[in-house]
Amino acid sequence: MRALVMFDLDGFKQINDIHGHHAGDIVLRVVASCLAELTAPDDSISCLGRAEYREELEQSLREFGLSPANFVLEVTEPMLQGRRAEQSMHNIRELGAAGFQIAMDNFGKGETMLRHLRDLPFTQLKIDQSLVTGIVDNPGDRDVLASLIGLGQVYGLEVTVEGVETRAQFDIVHAMKPDRVQGFFISPALSSQALLKLPSRFEIAA
């Protein structure tokens, strides 16, 4: 199981300005102190499943004067299963109330229950890349992806489509009007210093 953290770009740049160009180091310290994966013999323990999780995370943010609104916590399906599922869902609700953005990651890959989208304070839905690979050649795959984008937006979530790697995939996904597109067609993984040089908007030629 894993717990991930993302920054919105504007928040990342703001933190960098305030703390003297050390935003990457600060993010790493916050992640290391609160979002690091815990391992156990049965691989069943994650940070999100611990009662102290929210308090530790908020304490780290206060240390650096950071706003929860600048963080997106990505939740994967295994975090909502197993013996710690109730504690994880409790923590998700508390984190949402504290102002964190919360994303359901890899949606469509497993067996995520729709009631989780309804009952938990998710703000974003990230559709798994496995649902993108066949959309150029398979009309059925296109219909499934369009339906999931629509489903997320019906629930009032910002929808990201992951794993867009080619111009053909991008054109199809763009026509479906998700809120965000993620993948190597847009950009490979970047260092914290490279992030600071990104523009706020991208122009993609028609």
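I take helices (H or I, at least four residues) and strands (E, at least two) as DSSP runs, numbered from the N terminus. This is a predicted model, so I keep in mind that local features need pLDDT of at least 70 and side-chain atom pairs count only at pLDDT 80 or more, while totals for chains, interfaces and linings use all residues. Residues are numbered from 1 along each chain as its sequence is written, and side-chain values use heavy atoms, with hydrogens and water left out.

**Entry 1: helix 4**

I began with helix 4, residues 85-97. It has 13 residues and reaches 18 Å from first C-alpha to last, close to the 18 Å expected at 1.5 Å a residue. The expected span here is 1.5 Å times one less than the number of residues.

Which residues of helix 4 are buried? I found Ala-85, Ser-88, Met-89, Asn-91, Ile-92 and Leu-95. They cover an arc of only 160° around the axis, which puts them on the same side of helix 4. That arc is taken over the directions from the helix axis to the C-beta atoms. Glu-86 and Ala-97 are exposed on the other side. My cut-offs: buried is under 20% relative accessible area, exposed is over 50%, and partly exposed is in between (1.4 Å probe, protein chains only).

Next I looked up what covers the buried residues, and the list includes helix 3 (53-64), strand 2, strand 3 (101-107) and helix 5 (114-119). Contact means heavy atoms within 4.5 Å. After helix 4 comes Gly-99, with a positive phi near 110°.

**Entry 2: salt bridges**

How many salt bridges does a search of the whole structure find? Five. I count one when a side-chain nitrogen of Lys or Arg is within 4 Å of a carboxyl oxygen of Asp or Glu.

I started with Lys-126 and Glu-74, whose side chains meet at 2.7 Å, N to O. Lys-126 lies in strand 4 (residues 124-127) and Glu-74 in strand 2 (residues 71-75), so this pair ties together parts 52 residues apart in sequence.

Lys-126 also bridges to Glu-162, with the closest N and O atoms 3.6 Å apart. Glu-162 is in the loop between strand 5 (158-161) and helix 7 (167-175), so its pairing with Lys-126 in strand 4 ties together parts 36 residues apart in sequence. I noted Glu-74, Lys-126 and Glu-162 as linked in a network of salt bridges.

I then checked Asp-171 and Arg-167, which form a salt bridge at 2.8 Å between the closest N and O atoms. Both lie in helix 7, four residues apart, about one turn of the helix. Asp-171 is partly exposed at 38%, and Arg-167 is partly exposed at 31%.

**Entry 3: Leu-148**

Last, I looked up Leu-148, in helix 6 (residues 139-154). Leu-148 is buried, with a relative accessible area of 16%. What does Leu-148 touch, not counting residues up to four places away in sequence? I get Phe-107, Leu-125, Ile-127 and Leu-131. I also have Leu-148 and Val-159 down as 11 residues apart in sequence and 9.1 Å apart in space, C-alpha to C-alpha.
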